Amino acid sequence: MKKLPNTAAEATDQDLFRQAVADARPLPRPNKVLRRHDPPPPYPVQSYLDEHAALNESLAPDWTAQDWLDIGDEPNFLRPGISRQVLRKLRSGTWVIQDQLDLHGLDRHQAREALAGFLANCARRGVRCVRVIHGKGLGSKNREPVLKTKVKHWLTQRDEVLAYCQARPVDGGSGALVVLLKG
């Protein structure tokens, strides 16, 4: 070990530090792994507010002639007690499509199971607006849509379905439905 100076005048800062910590010993290492906790995922507050505002507006009771013109002859469904404006808002794209199910290539039994599982999963996750792609039936026998009719019927039987309408052309047109689910 290095000899320490005799007088304070001869001592340097480094020497004084070594003298101060001469008896120090390292702490024992803990046998633990310190985990970093990830922050919770962000909560989409604005999306939540937009959806609630759209739902509140859709519960307003008035149904105008313009609303009838907007809906037209396209397939739609509305659970009793829900304002007809829901269909107009679904049709116009006010509700953001949060998830989708594509039934292309499935037979009617597979499609029914897939639809039931999808709707149950959406209910667990709190998803409100979805698109169900049933196709136009171009690959079916006689080029007639089988799933299109079946899906509409299955959706009306499900309690979690508040309303549905044909998707906008950019969202699949006559080959898909936009569905509003209970929140």
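Two strands pair if DSSP finds at least two bridges between them, and helices (H or I, at least four residues) and strands (E, at least two) are DSSP runs numbered from the N terminus. The views below show a predicted model, in which local features need pLDDT of at least 70 and side-chain atom pairs count only at pLDDT 80 or more, whereas totals for chains, interfaces and linings use all residues. Residues are numbered from 1 along each chain as its sequence is written, and side-chain values use heavy atoms, with hydrogens and water left out.

View 1. Six helices and five strands make up the secondary structure of the protein, and from the N terminus the elements follow the order α-α-α-β-α-β-α-β-α-β-β. The five strands form an open sheet in the order 1-4-5-3-2, with mixed pairing. Strand 1 (76–78) and strand 2 (99–102) stand at the edges with a single partner strand each, so one side of each has no neighbour in the sheet. From one strand to the next, the twist averages 20°. Strands 3 and 5 pair in the antiparallel sense over five bridges; Arg131 stands opposite Val178 in strand 5.

**View 2. Helix 4 on the sheet.** Helix 4 (residues 85–92) packs on the sheet and touches strand 1, strand 3, strand 4 and strand 5, where contact means heavy atoms within 4.5 Å. The direction of helix 4 makes about 50° with that of strand 4; axes are lines fitted to C-alpha atoms, for helices over the stretch in contact, and angles run from 0 to 180 degrees between N-to-C directions.

**View 3. The nonpolar cores.** A nonpolar core is a set of buried Ala, Val, Leu, Ile, Met, Phe, Trp, Tyr and Cys residues joined through side-chain atoms within 4.5 Å; buried means under 20% relative accessible area, exposed over 50%, and partly exposed in between (1.4 Å probe, protein chains only). The largest such core has 20 residues, and those with the most contacts inside it are Leu115, Val151, Leu155 and Val179. At least two residues of this core come from each of helix 5 (108–125), strand 3 (129–133), helix 6 (147–157), strand 4 (161–166) and strand 5 (176–181). Helix 5 gives the most, with five residues. Apart from this core lies another, of 16 residues, including Leu90, Ala163, Ala167 and Leu180.

**View 4. The surroundings of Glu160.** Glu160 lies in the loop between helix 6 and strand 4 and, at 18% relative accessibility, counts as buried. A polar contact of 2.7 Å joins the side chains of Glu160 and Arg158; such a contact is a pair of N or O atoms within 3.5 Å, and within protein one must be able to donate a hydrogen and the other to accept it, while residues adjacent in sequence count only if both atoms are side-chain atoms. Neighbours within four places in sequence aside, Glu160 is in contact with Leu119, Ala120, Leu180, Leu181 and Lys182.

**View 5. Aromatic pairs.** Rings of Phe, Tyr and Trp (its six-membered ring) pair if their centres lie within 6.5 Å; planes under 30 degrees apart count as stacked, over 60 as edge-to-face and the rest as tilted. The count comes to two aromatic pairs. The ring centres of Tyr43 and Tyr48 lie 6.0 Å apart with planes at 50°, so this pair is tilted. The rings of Phe77 and Tyr164 have centres 5.6 Å apart and planes at 25°, so that pair is stacked. Phe77 in strand 1 and Tyr164 in strand 4 are 87 residues apart, and both are buried.
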